[in-house]
Amino acid sequence: MIDRKILEEHNLTLDEYEKIVELIGKEPNITELGIFSLMWSEHCSYKSSKVHLRHLPVKGKNVIQGPGENAGIIDIGDGLAAVFKIESHNHPSFIEPYQGAATGVGGILRDIFTMGARPIVLQDSLRFGPLSSAKNKSVMEGVVAGISGYGNSIGIPTVGGDVYFNDCYSLNPLVNVFALGIVKKDRVFYAKAEGIGNLVLYVGAKTGRDGIHGATMASAEFGKDLEHKRPNVQVGDPFMEKLLLEACLEVMAKDLIVGIQDMGAAGLTCSTTEMASKSGTGIEIDLDRVPQREEGMTPYEMMLSESQERMLIVAKKDKVKEVQEIFSNWDLDAVIIGQVTEGERLKVEFGGKTVVDIPVNAVIDLCPVYERESKIPSYLESATQLEPLPQPENFNQAFLKLLSSPTIAEKEWVRRQYDHMVQVNTAFLPGADASVIRIKDTNKALAVTLDGSSLYTYLDPKTGGKIAVAEACRNLACVGARPIGVTNCLNFGNPEKPEIMWQFQETIHGIAEGCRAFDIPVTGGNVSFYNDTEGISIHPTPVLGIVGMVDDVKLITGPGFKEEGNILILLGENKDELGASEYVKTIHQKEKGIPPQIDLEEEKRIQEFCLEIISLELIESAHDVSEGGLATCLAESSFLSREKTGLNANLRDEIRADAVLFGETQSRIVITSKGQNHQKILDLAKDRKVKAAVIGKTGGERIIISHGDKKLIDVPVDEALKAWRNAIPEIFAIK
Amino acid sequence: MKFGVVIFPGSNCDYDTLYALKDVLQQKAIFLWHKEHNLKNVDCVILPGGFSYGDYLRSGSIAAFSPLMQEIKEFALKGGLVLGICNGFQVLLELELLPGAMLRNKNLKFLCQFVHLRVENETTPFTSRAKKGQVLRIPIAHYDGNFFSPPDTIQEIKTNNQIVLRYSDDQGQLSEDANVNGSLESIAGLINKAGNVMGMMPHPERASETLLGSEDGRIIFESMIKWKG
């Protein structure tokens, strides 16, 4: 008997329950209810976000697959396509940081190779609370170790990403994992269950009791009972996934299967119903045949288990033997558990009895969609008012403090725990704005970047959304890549709160505007709501994963200065914009003000210009100005140069000195050029209606930045480098 | 020269090594499957990096029991060239074709970074193209690369001039900082007494093209090619 308590445990409302009864024409038994609770969870159904996601542009001439599949696909020429996607694993990573993050990696990789692509890149966007807390440190240490443990073992390079710190993530860290793979354009596989009578094969790891209710857990706020949720977190086995990856790709190369779907969130339930739904068929499975690693599992547990490293395959009868042989060569199970049927129903047998018999479309297509109430949050009125701030008395000190703040400081401590070189495609550009991965047997490369500043979206979600797109594209432009596709991970609080819904809507509109300006399609992504613990929500945090194309890998450009005596040129202009900056947060301890504004047309001109001068081989380095402003950007280019080359820059803008140094005005890139190339660059800039000015020279062993006649910053490169480089290792040093 | 690159379940530098040999160095190179008992007439066997069998036990310990390892052991004892890279080095230690063992890196974290290596012994088949004291820039990527052995073993290793590569700084100076994983005697590459089986933690296949940041790794493969003549 289903009562109110059971419904609550399954995170279903009474209205939803009544709809289920109506749709299936009977009272569901507990297994059937479990199936609905998973598939109708926010995580699986997107019931609160659907109506808003429609605003994102999804079309483009190179789009092979848009949203709605395991991953998006973009044509990259030479008969190849890039398959990519980003997913969150926030909730599990807080409860069990190592396994939560590790299985996040495993899950996103399955999304990629399910479609026939060999994964070649991983990136992660991580958000933690301040490292002054031991708990936050241990979460970060666990998450990084989990990503490292899984990605390194399976042999896919984790080439970058970003890490930000903010109080709002103390009880809700974010772990967003991006993966990209390459597939031959005509060899893409889909989650299809076509052909009545075709057999359903279960491949990979055995089913256990882990991860039951994982998706439901990710669809509710956390309270104080976190310890009890630990069993909801799955446990990853990267070795098993490596075998599964190789076996699946081998099977796919031989044209033996009809369709394939990974068992990620909602495991057997999701894979069976989705495959049937997409093909207008039904599926019948017998749970007694499912490989199990624990005894006495109930149908409920088996259908809801989120054990990792499993796949469901539909194959023609006469090919099954060959499929099984390939899996057996990799020492993997490949067991026939059922077949494709007529009638669009999911039927599950257990112990000779039918334990589930429900229409597939009720589970997949008929989940309620909510247009939730939205309301401007009340915090905005005061938070956007930034009172007049005093200028720092000592700019050198402020500069060093900013460089050593964890959000800006070097992340080598993280990066070197990841194998970022395996597969020998990672172009060596230390600390580059975007990672560059060459495509073997071509002159091309793909560039990938993840971006999203939640300070901006917190204070102005729409502008924050636009900037997230613009800045990611700017990162690509700096290495010489043109954006070709977007995937996004939208991390927000509880959508049942109208203020959160408002943040969400606004952010989406900002992202949509940004994507339209750059004419790049969104090919999919992930929405993670309910990032609230004990009633505290995270800042709205959209993370944009943007993929770019490099036509000639020989021309890629890095952020580090090349040599002494090069000319420093600033593209764009410095403005008096200090609101929502890292400077105001770190030096003045305020998360306030109006974020920098952005003119997308101007932004686009600057990026086009950057790409043009890279292709003309006119520049030596390019680095975008972002968190920490111009001073930080210049310093980083010095730190990332081979010889730790210093610089001497002079700015003449008639605005506050701290805004010149640390303001985060958008649409700025610092480039260097040698010889007389700067003349050509300035002439061309004029022609292209791009603001460009010589601001100084590289050279020496000091970082010197003046404003008008006043020397504001004058520190040895070594000293600044130490502040930037040692900040994070010192926090984690074993004492 | 025909190279054979062994694939264990969980190998993940198998394709990289084959790519460096075939596509970059234009050599004959084939894969050898761990379940077979056939070395297919290769002149040299490479055990590539990765996480054989997941390395859930000691790194490399299960791979040492793979069917093909019998043939490889015989091949090595007859003087065939065997190079173990990273996980391959760990497998060679487990097989006892090389002395010593690997501990966790001294900072207890996985380390993926470029390191500098000083060539200590240029008379081996794996370093004959290098000069003694030459500094190579090649990346490492491992959790367990902290070489260790008992005092009498290390004495023997030194007496027999078995240390081939040591972690150093870019000037070839040894130091605690340069010895990133904490290896005894800063050992990065070690050869057997007979001089035909070498293990090295750094990945030469990852340093065979300028695009990847260094070409220094080619010296190892080119030395082997030259040795074979």
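In which sense, parallel or antiparallel, do strand β9 (residues 282–286) of chain A and β11(A) pair, and over how many bridges? In this predicted model, the two strands pair in the antiparallel sense, and 4 bridges connect them. Within this pairing, A:Ile283 stands opposite A:Val340 of β11(A). Strand β9(A) is also joined to strand β12 (residues 345–350) of chain A, in this case by 4 bridges and with the strands running parallel. There, A:Asp286 of chain A has A:Glu349 in β12(A) as its bridge partner.

These strands belong to an open sheet of 7 strands in chain A, ordered β8-β10-β7-β11-β9-β12-β13, in which the pairing is mixed. The edges are formed by β8 (257–262) and β13 (353–359) of chain A, each of which pairs on one side only. On average, neighbouring strands of the sheet are turned by 25° against each other, direction ignored. Strands of a sheet pair through backbone hydrogen bonds, either parallel or antiparallel.

Strand β11 (residues 333–341) of chain A also pairs with strand β7 (residues 199–204) of chain A, in the antiparallel sense and over 6 bridges. In that pairing, A:Asp333 in β11(A) is the bridge partner of A:Gly204. Two helices are placed against the sheet. Helix α13 (residues 320–329) of chain A packs on the sheet and touches β7, β8, β10 and β11 of chain A, with its direction at about 150° to that of β11(A). Helix α10 (residues 238–253) of chain A lies across β7, β8 and β10 (310–315) of chain A and runs at about 160° to β8(A).

Over all chains, the search of the whole structure finds 55 salt bridges.

Chain A holds a further open sheet, made of 5 strands in the order β14-β15-β20-β16-β17 and with mixed pairing. Its edge strands are β14 (435–438) and β17 (522–528) of chain A, each pairing on one side only. From one strand to the next, the twist averages 20°. Strand β15 (residues 445–451) of chain A and strand β20 (residues 541–550) of chain A are paired in the antiparallel sense over 7 bridges, and A:Thr449 stands opposite A:Ile546 in β20(A).

The contact between the chains takes 37 residues from chain A and 31 residues from chain B. Between them the chains bury about 2,800 Å², with 59% of this area on carbon and sulfur atoms. B:Lys109, B:Cys112 and B:Leu211 supply 21% of the area that chain B buries against chain A, more than any other three residues. The interface contains 4 salt bridges; the side chains of A:Asp419 and B:Arg206 meet in a salt bridge at 2.9 Å, N to O. Polar contacts between chain B and chain A number 14 residue pairs, both residues at pLDDT 80 or more. On the side of chain B that touches chain A, α1 (14–24), β6 (111–119) and β7 (135–142) of chain B each supply at least two residues. By class, this side of chain B has 16 nonpolar, 7 polar and 8 charged residues.

Notes
Residues numbered from 1 in each chain as written. Chains lettered and ligands numbered in written order. Predicted model: local features only at pLDDT ≥ 70, side-chain atom pairs only at ≥ 80, totals over all residues. Heavy atoms only, no water. Contact = heavy atoms within 4.5 Å. Buried area = accessible area lost by both parts, 1.4 Å probe. Polar contact = N/O pair within 3.5 Å; in protein donor to acceptor, adjacent residues only side chain to side chain. Nonpolar A, V, L, I, M, F, W, Y, C, P; charged D, E, K, R; others polar. Pairing = 2+ DSSP bridges. Axes fitted to C-alpha atoms, helices over the stretch in contact; angles between N-to-C directions.
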